[in-house]
Each structure stands twice: as structure tokens, then as C-alpha cells.
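Biologist: Could you take me through one part of this model in close detail, stating the cut-offs behind each term you use?

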Amino acid sequence: MNWIKRVLHIGEKIKKVLKKRPSKEEIENSDWTSCCKGPVLKKELEENLWVCNDCGKHHRIGCRQRFDIFFGKNNYEIMDTPIPKDDPLGFEDSKKYTDRLKEARKKTNQDCAVMIARGKINEINVTVGSINFDFMGGSVASAEGEAIITGIQHAIDNKNPFVFFPCGGGQRMHESPIALAQMTRTTLAVNELKKNNLPYIICFTDPTAGGITASFAMLGDISISEPNSLIAFAGRRVIQATVKEDLPENFQRAEYVQECGFVDLIVERKDLQQKIGSLLSILLKKKSDINTKLSDETSKTNIAATAKAS
Ligand SMILES: [Zn+2]
């Protein structure tokens with residue numbers, strides 16, 4: 001066997017090994033996923049709210065998983081949201097947009113990337129929305145815009161605070177101008193929420209970028225983030241090429257964004273329910289441990305002040 005044949009032979013062997021690697025679908029359907037220390041059982045991760053015990057990575061979760069964690073299992077009601085006509089522009093690239101939608105629906109068991117639910121936190125009725133990254137990268141198009149607006153309308157009609165967990169790369173190019181219009185529509189809806197003096201809390205999850213950051217997601221009265229979430233408008237490489245400067249390692253990560261003043265709090269997934277519940281109690285001046293303590297302190301100061309004055 002001369003050297004050319006030997007190289008070709010090795011090449012064939014490598015091809016065979018590569019062919020044996022599991023497909024994307026097989027990985028998704030398996031009981032395993034990977035994190036810092038290699039393979040992890042999905043079940044183990046789920047028991048820890050999809051947060052790695054070793055490195056603390058907050059893995060991406062779907063809308064139902066998000067509501068399960070936030071409200072507690074079976075403690076909430078998912079609301080119907082309107083689904084506009086699929087593929088209004090007849091978009092097709094390597095695949096038809098309608099086929100991509102079918103695949104995403106099958107994969108996530110959702111009609112669109114956004115889901116809205118209602119439930120109670122700290123005895124307060126809350127309307128909550130969430131985006132699933134697995135539905136076409138969490139991109140926002142007409143159906144997602146409608147879902148967000150429906151959620152906000154429900155919050156206004158019921159005088160509920162609105163809590164939203166954004167995630168995703170931005171507007172969906174398959175619906176180009178219609179998707180871009182959702183930035184204005186959702187922003188106007190948030191304005192209506194504010195006119196009604198209802199609290200609007202945003203909790204960034206990894207990754208939130210593009211048009212989502214540039215519209216409704218940056219308008220929260222209080223902006224919270226899960227640790228180490230990517231929060232960006234343009235990508236790191238684009239910015240680096242434009243400003244021609246080295247960027248810090250944690251650039252656009254929640255902790256860096258907090259230093260820049262765009263995020264108020266970084267809260268771990270296990271503490272989100274309690275933290276958001278307390279914030280809502282304060283914002284709505286409802287009875288809670290914190291408000292009771294605060295009012296006790298105020299009354300004590302008032303008594304002290306009156307005693308001094310007399
Ligand atoms: Zn890990």
C-alpha cells in the first residue's frame with residue numbers, strides 16, 4: 001500500500017467514526033445533556049431547576065418549565081393568544097418558512113415562541129410572559145407580538161402587574177417588516193401598562209439580544225437578570241470590529257451590564273419567585289414581610305420624632 005492509499009484509507013476510517021456521531025435530534029431526545037464536567041443527566045439537572053450544581057450555569061428552559069418554576073407546578077393557567085396567518089410574505093430560503101414553523105411547533109409543543117400565563121405570587125395576581133429559545137431562536141414575529149400584547153392587555157384589564165422573561169435573538173427575518181413592526185407595537189403596549197400605573201418587571205434570561213433588547217425588554221420598571229445571561233443589541237464581534245478595541249471577557253454578560261446600569265438585580269433562578277414577589281408587594285404596597293418591617297420602622301421613627309418634638 002503506497003502512502004496515498006494509506007492516507008485515503010485513514011480518511012475513510014475517520015469518515016466512519018464521524019458518521020457514528022449522534023445527530024442533533026438524537027442528542028435532543030436523549031436523557032443526557034452536557035455542562036462543565038461533561039455529560040449530565042437531564043433529570044438531575046431538572047431537579048436543580050436546570051442549574052448546574054458545579055458551575056452554576058443557568059441552562060435554557062422552555063415556557064412551561066419557566067412557569068412551573070415561577071408559580072409552582074399546576075399553579076397557573078396558560079392563556080390562549082391569537083395566531084395570525086402563517087408566512088404572510090411567502091418566505092423561503094433553504095427551507096420553506098411554513099416547514100420551519102411546523103418543526104418548531106413539534107419540537108416545543110407551542111404555537112409560537114411566546115407564552116402567557118396567569119397565576120398568583122405572594123397572594124398577588126400576576127400576568128407572566130416567557131419566550132422559548134427553542135422556537136426558532138426565540139425570535140419575535142407577528143404571533144409573538146400578538147401574544148405579548150394580549151398578555152399586557154390582560155394585565156391592564158385585570159389590574160395585574162406584568163412580569164416577562166425575555167430570551168432570543170431579535171426579530172424574525174422570515175417576516176422582516178412585519179416582525180420589525182412588533183418592536184413599535186410592543187413598546188406602545190408597555191406604555192399603556194405604565195399609563196395604568198401597573199408594575200412591569202423584566203427578568204433577562206440567556207441570551208436576550210437584537211430587537212427584543214431594543215424594544216419591550218429594556219422598558220421594565222425593574223430589570224432583573226439570571227446570572228451570566230448574555231444581554232446585547234449587536235454581537236460582540238460586530239462591536240469589536242467597529243470600535244477596534246479589545247473588549248472585556250465578561251462583555252455583554254449580566255454582571256457587566258449591571259455595572260453599566262442597564263440591569264438592577266442579578267437573581268438566581270431558585271430565588272426569582274421570592275424576590276419578584278417581594279418587589280411586587282413593595283411596588284403595590286401590599287402586606288408582606290418587608291412592607292410590615294418597613295411600616296414598623298416608619299411608625300417607630302414617627303413616634304420618636306413626635307416624642308422629640310413634644
Ligand atoms: Zn456546569
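**The zinc site and its surroundings**

Modeller: The four donor atoms around the zinc ion subtend angles of 101 to 129°, so the arrangement is tetrahedral (all angles between 85 and 135 degrees). The model is predicted: local features need pLDDT of at least 70 and side-chain atom pairs pLDDT 80 or more, while totals for chains, interfaces and linings use all residues. Residues are numbered from 1 along each chain as its sequence is written, and side-chain values use heavy atoms, without hydrogens and water.

The donors (N, O or S atoms within 2.8 Å of the metal, or 3.2 Å for Na, K and Ca) are the SG atoms of C35, C36, C52 and C55, at 2.3 to 2.4 Å from the zinc ion. Along the chain, the donors of the zinc ion follow the spacing C-C-x15-C-x2-C. C36, at 45% relative accessibility, counts as partly exposed.

Elsewhere in the model, H154 is also described by its accessibility: with a relative accessible area of 10%, H154 is buried. Leaving aside residues up to four places away in sequence, H154 touches M79, R118, T127 and N160 (contact means heavy atoms within 4.5 Å).

Conventions:
Four donors count as tetrahedral if all angles lie between 85 and 135 degrees; four count as square planar and six as octahedral if opposite donors are over 155 degrees apart and all others between 65 and 115; anything else is irregular. Buried means under 20% relative accessible area, exposed over 50%, partly exposed in between (1.4 Å probe, protein chains only).
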